[in-house]
Amino acid sequence: MSAFRYLIRALLVCSLLVPASATARKADAELPPIIDYRERFLPVVAREGMVVATERLAAEVGKRILQQGGNAVDAAVATGFALAVTYPRAGNLTGGGFMLIHLAAENRQVFIDYRETAPQAATRDMFLDENGEVDNKRAFSSHQSAGVPGTVAGLLHALEEHGTMSRKEVLAPAIELAEKGLTVSFSLNYEITARGQRLRGNPEALRLFFRPDGKAYDIGETWRQPDLAWTLRQIAENGRDGFYKGEVARRIAAEMEAGGGLITLEDLAAYRAVERTPIRGNFRGFEILSSPPPSSGGIHIVQMLNILSGYDLAGMGHNSAAYLHHLTEAMKLAYADRSKYLGDTDFVDVPVAALTDPAYAARQRRLIDPDKATPSVDILPGRVLAAESLDTTHYNVVDSRGNAVSNTYTLNASFGSAIAVPGTGMLLNNEMPDFALRPGHPNLFKLVQGESHAIEGGKRPVSSMSPTLVFRDGKLWLVTGSPGGSKIITIILQVLLNTTEFNMNAATAGISPRIHHQWLPDQLQAEQGISPDTVRLLREMGHDVVQSNRTFGRTHSIMLQDGRLYGATDTRRPEGWVAGY
Ligand code: DON
């Protein structure tokens, strides 16, 4: 086949598998074909800048900001505000998350923790009924489910400290989308319809998300959000005070009072985003940076990579039974430690250095039987000192100066608590159940969490969100992250192994079938695509393999190689978008 036809065919495959903006495809056509087209899934290529997000309009907002001369942080903040308008199941002003930034000129990385905090009035047993049982409805779908929102403080902190544009400039596209309206896409219609029952249960959510006749907006119809536009304007004009004080705060506090929630005006005024030191680790010469506490992600990704570095994984073969067995055993050990040691470091001593110490991993490796599954009941959290449908969304930005942002934020469940704050266009998060509602009792993600996860006023619940950066020979090489609740950590682990150990490009690494084990329940969950022969071998080793048609998370990645940006959104969910130029 001629080089030209080869390139055209590859571009065609690429456009079918990975949606791309027209400009990204144009940029691709101008570049020499250095992708290895023998791989089954291909990333989108661009040269200057790129935004990879879960939704097209918001990704294009970020790209436009880059093209106007904004840096990666400006674009990430604009994309974050735009997703609050275009992707209401997880994009938000009222949730929380983590942003990991690479500042190329200083070769410095910054981690912004804007996780929600428990309101001051929150107590350890607040979700227990008179029999001491967890009241699930109150925990997941009530005004009490909400933590004090962190998103606005986090995005504005990023902009003020590390951005170059004004608040008004980065908020303008989101305001316009909310005010003028957006054309309802297949996935927006699907998301609102699928969650229709929950959203209709709240009169304000019914008014916001449905037509006056009570039906969901159809594909192709225009959906306007004037209340949300008003809230965004308060932020554009008054900064964090426009959200945490003033009329928006009053409306949140009034709704809390009306609905028996705990968040007060004082809680809102006291909220702060915090810069923390990212977790660092090494695997086969790659440097990995990811989330520190209150996320558990970075610690356990590094811990598992440390354990797995002692094996010839490539020799075992990608997704072979031997490989998946070793992965599973490492996952169990890490999640057992998560239950005992992780917490908000402002309240709990987390032994970060010990958990990420290669010497500890070497000791843990000795607990792994190469041929047999160790039952979770026999795995206790290590003695370190001696030694869906749920939702979240991740996006990445890289700019022409080499700055990068990896951002994951969430309302927790899809559309959070599905309770809207009247007159603001916003839904409340339901992040409180990320705490141990009763230590030792499984949470929303069936995670069993111990005392360090107990509820306390002002504390941040442990998260699994893991925006991640990988450096190769000192240069930024991969920007990645995913939603997926408790699975986020194992999803990112597998993306890192796929790219570093198995040499996959960003698209193939994201799309490959995944597994998950979180210690308890003692089940090896496998996506479709893990072969029945492999499943049989794993069962023979003693693993309780559970396979269903549910998919695990949805990764967005940008790989930087040879002066190009290779972006990929995995196809587990519809309408992800790579906007490059
Ligand atoms: O912070 C956490 O770990 C969870 N609240 C994230 C929720 C999530 O990823 C749901 N999405 N799929």
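**Exercise 1.** Is Arg284 buried, partly exposed or exposed, and what is its relative accessible area? Describe its position and backbone as well.

*Solution.* The model is a predicted one. Step 1: Arg284 has a relative accessible area of 38%. Step 2: buried means under 20% and exposed over 50%, with partly exposed in between; Arg284 is therefore partly exposed. Step 3: Arg284 sits in the loop between β8 (279–283) and β9. Step 4: its phi is near 50°, a positive value in a residue other than glycine.

**Exercise 2.** Carry out the corresponding analysis for Asp473.

*Solution.* Step 1: Asp473 belongs to the loop between β14 (468–472) and β15 (475–481). Step 2: phi of Asp473 is near 50°, which is a positive value in a residue other than glycine. Step 3: with a relative accessible area of 73%, Asp473 is exposed.

**Exercise 3.** Determine which residues of helix α13 are buried, and explain how they are arranged around the axis.

*Solution.* Step 1: α13 comprises 14 residues, 246–259, and reaches 20 Å from its first C-alpha to its last, close to the 20 Å expected at 1.5 Å a residue. Step 2: the buried residues in α13 are Val248, Ala249, Ile252, Ala253, Glu255 and Met256. Step 3: because these residues cover an arc of only 160° around the axis, they lie on the same side of α13. Step 4: an α-helix has 3.6 residues a turn, so residues three or four places apart point the same way. Step 5: Glu257 and Ala258 are exposed on the face of α13 turned away from its buried side.

**Exercise 4.** Characterise the surroundings of the ligand.

*Solution.* Step 1: the ligand is surrounded by 17 residues, the closest being Thr392, Glu431, Asp434, Ser463 and Gly485. Step 2: by class, the shell divides into five nonpolar, seven polar and five charged residues. Step 3: β10 (390–398) and β11 (404–413) each supply at least two shell residues, and the largest share, three residues, comes from β10. Step 4: a side-chain N or O atom of Glu431 is 2.6 Å from a nitrogen atom of the ligand. A side-chain N or O atom of Ser463 is 2.7 Å from a ligand oxygen atom, and a backbone N or O atom of Ser464 lies 2.7 Å from an oxygen atom of the ligand. Step 5: the ligand taken alone exposes 340 Å², of which the protein buries 99%.

Terms used
Residues numbered from 1 in each chain as written. Predicted model: local features only at pLDDT ≥ 70, side-chain atom pairs only at ≥ 80, totals over all residues. Heavy atoms only, no water. Near = heavy atom within 4 Å. Polar contact = N/O pair within 3.5 Å; in protein donor to acceptor, adjacent residues only side chain to side chain. Areas by Shrake-Rupley, 256 points an atom, 1.4 Å probe, with all protein chains shown as cover. Helix = DSSP H or I, 4+ residues; strand = E, 2+ residues; numbered from the N terminus. Nonpolar A, V, L, I, M, F, W, Y, C, P; charged D, E, K, R; others polar. Expected span 1.5 Å × (residues − 1). Buried < 20%, exposed > 50% of the residue type's maximum accessible area, 1.4 Å probe, protein only. Arc of directions from axis to C-beta.
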